[in-house]
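Me: I have just opened a structure that is new to me. Could you show me how to read it, step by step?

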Amino acid sequence: MQDIYVQMTKIKDMLNVKLTHPFLAKYIPSPVIDEDKLLLFYALFDQLDLPNEKKENYIITAMLVQIALDTHEEVSTSEHLKQEEFMQRQLIVLAGDYFSGLYYALLSEMQDIGMIRTLATAIKEINEHKIRLYEESASDFDSFVASLSKVEAALFQHVSDYFHAGLFSKLSTKFLSYKRLSLEKNKYSTESISLMRNLEKKKKNVGTLELTGVYLKEFCNRYFDETVDLLENCFQQPSSLQKILLARLHSFKYNQDIRYTTLAEEGL
């Protein structure tokens with residue numbers, strides 16, 4: 001377990017070095033590294049027969065793509081901005097493009113054209129489904145959840161498939177979809193602003209769709225059970241990684257803030 005903690009901390013530090021730019025740091029917040037997605041990529045490459053340096057480069061590359069996508073998510077669409085807000089918006093766009101350039105450069109050094117194509121396909125698919133969600137064009141609950149899952153997990157699906165790790169592709173999809181659905185369920189139950197509540201209001205007006213907490217609870221329960229089953233199948237024998245992922249899964253269910261560092265220190 002301690003070895004996992006050490007390796008993940010090392011990769012995270014390497015990521016932060018690449019993400020640090022003195023000019024951008026003056027004006028916009030540092031990009032957030034999604035530790036669950038970092039953990040999933042680590043778990044994927046831990047099972048592959050590749051040199052450690054190559055594994056680290058692939059994980060960093062994939063996370064740079066994820067961070068670039070997340071950074072562009074932060075771009076404000078407001079038409080009424082103050083001068084400093086407008087400048088910040090432009091810099092956030094620039095930062096996202098800069099992070100994208102970093103992963104292209106890293107893959108070029110590795111001379112892996114196939115992975116560049118794989119990531120480009122994933123980015124295209126993610127952006128297509130983001131548009132569907134923001135346009136609130138889903139015709140039913142299933143198609144809404146499908147788009148949500150693609151946004152969260154398409155990057156993992158394509159990278160896993162590139163390395164012929166189909167079972168892990170399914171695991172990452174269910175794991176990340178469950179995490180996002182749990183978040184949406186919590187927002188919905190507290191009447192906070194959420195994609196699902198917005199879609200519910202829009203579709204109710206035309207009488208074609210009604211999204212309720214019942215649907216959310218049903219999907220969350222199903223995705224939780226399916227993810228637990230996949231966690232058992234993806235690992236041939238019980239391992240520290242399996243325990244960490246299972247603990248994270250339960251933390252989503254009970255709305256707890258548990259991080260992999262805490263789990264490592266507790267020796268799970």
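Me: How many helices and strands are there in the chain?
Reply: Helices (H or I, at least four residues) and strands (E, at least two) are DSSP runs, numbered from the N terminus. Here the chain has 12 helices and 0 strands. A word on the source: this is a predicted model, where local features need pLDDT of at least 70, side-chain atom pairs count only at pLDDT 80 or more, and totals for chains, interfaces and linings use all residues. Residues are numbered from 1 along each chain as its sequence is written, and side-chain values use heavy atoms, leaving out hydrogens and water.

Me: At what angle do α7 and α8 pack?
Reply: Axes are lines fitted to C-alpha atoms, for helices over the stretch in contact, and angles run from 0 to 180 degrees between N-to-C directions. Helix α7 (residues 141-162) and helix α8 (residues 166-189) pack at about 150 degrees, with axes 8 Å apart. The two helices are therefore roughly antiparallel (angles over 145 degrees count as such).

Me: Which residues of α7 meet α8?
Reply: Contact means heavy atoms within 4.5 Å. Among them in α7 are Val145, Leu148, Phe156 and Ser160, while the α8 side includes Phe168, Ser169 and Leu176.

Me: Is Ser160 buried or exposed?
Reply: Buried means under 20% relative accessible area, exposed over 50%, partly exposed in between (1.4 Å probe, protein chains only). Ser160, in helix α7, has 0% relative accessibility, so Ser160 counts as buried. Leaving aside neighbours within four places in sequence, Ser160 is in contact with Leu44, Ala165, Phe168 and Ser169.

Conventions: Parallel < 35°, antiparallel > 145°, perpendicular 65-115°, else oblique.
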